[in-house]
Amino acid sequence: MVTIKSEREVELMREAGLILAKVHLELADMIKPGITTMDIDTKCEKLIRSFGCIPSFKNYDGFPASACVSVNDEVVHGIPSASRYIEEGDIVTIDTGVIWKGWQSDAARTHAVGKIEPEIQELIDHTRESFFEGIKVATAGGRVNDIGKAIEDYISQFGYGIVEDLVGHGIGKNMHEDPEVPNYTCRNRGIKLQKNMTLAVEPMINLGTWMVNWSDDGWTVVTADGAPSAHYENTILITDGAPEVLSLTPEEKKLYNVR
């Protein structure tokens, strides 16, 4: 069921989003060779709780950590491990969420570890930019699947694979709410967007094939061909004009020229 938030609920989600943005900035500063994916998760949970929030991923459907930490060909849902060390040339995706006074925010970022291959840096950059291309059409009166079409229209010029097995989603009191938000063109344009709907838009883009597999741990999704994957996600608020990106700091909003 799609939920339309009240002004008070929007304000709480705005606060949750700003907290999450700050968490991501602090986590970005610790990404370097020699740390483990568990180090990232430990820091993530500590930060989230320091803001008075609950880590929304922890124990969600049995997930054992506060952050999904996915490396290289891992698309999403990587389980942090004390034996998984980050190395020079890796890329690391951190996907995490917070619950603030009962309201949720969800966001993901892919980071380079030291010097990486130029084509992989381009993958990260284009994946991030595809999010901003997608939300250009995310306005009240539009259709939810127009977002995916805009993402695909942008990404198709680079020959990347757009993951189809996983999509974005509505968000509010629950992490996953209706509607689904695909990152690709759908035959049906989907439901009409309404003011004060909140969505998590999250393109997941592979350097090679769009196809993915699930690892034996039941969580980690990997590219079928072993090529690197990038992920960029924010929680957004639908308005009568340009959407408001809730999980960016004011400085980041200026950088990306968004609300």
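**View 1. The largest nonpolar core.** Val23, Leu27, Ile40, Val92 and Ile94 touch the most other members of the largest nonpolar core, which has 30 residues. At least two residues of this core come from each of helix H1 (7-29), helix H2 (37-50), strand E2 (67-71), strand E4 (91-100) and strand E5 (103-112). H1 gives the largest share, 8 residues. A nonpolar core is a set of buried Ala, Val, Leu, Ile, Met, Phe, Trp, Tyr and Cys residues joined through side-chain atoms within 4.5 Å; buried means under 20% relative accessible area, exposed over 50% and partly exposed in between (1.4 Å probe, protein chains only). Helices (H or I, at least four residues) and strands (E, at least two) are DSSP runs, numbered from the N terminus. The model is predicted: local features need pLDDT of at least 70, side-chain atom pairs count only at pLDDT 80 or more, and totals for chains, interfaces and linings use all residues. Residues are numbered from 1 along each chain as its sequence is written, and side-chain values use heavy atoms, with hydrogens and water left out.

**View 2. Leucine 27 and a second core.** Apart from neighbours within four places in sequence, leucine 27 is in contact (heavy atoms within 4.5 Å) with Ile40, Lys43, Cys44, Leu47 and Ile94. A second, separate core holds 29 residues, including Ile147, Tyr154, Ile155 and Ala230.

**View 3. Helix H1.** The end C-alpha atoms of H1 are 34 Å apart, which agrees with the 33 Å that its 23 residues should span at 1.5 Å a residue; the expected span is 1.5 Å times one less than the number of residues. Among the buried residues of H1 are Val10, Met13, Leu20, Val23 and His24. The buried residues of H1 pack against H2, E4, E5, strand E9 (198-201), strand E14 (234-237) and helix H5 (250-256).

**View 4. Cysteines.** The structure holds 0 disulfides (pairs of cysteine sulfur atoms within 2.5 Å). Cysteine 44 is buried, with a relative accessible area of 0%. Cysteine 186 counts as partly exposed, because its relative accessibility is 23%.

**View 5. Lining of the largest pocket.** Of the 23 residues that line the largest pocket, His77, Val167, His169, His176 and Glu202 lie nearest its centre. Strand E7 (168-170) and strand E8 (177-181) are the elements that give two or more residues to this lining, and E8 supplies the largest share, 3 residues. On a 1 Å grid over the protein atoms alone, a pocket is an open set of points where a 1.4 Å probe fits, with protein on both sides within 12 Å along at least five of seven lines; lining residues have an atom within 4 Å of a point.
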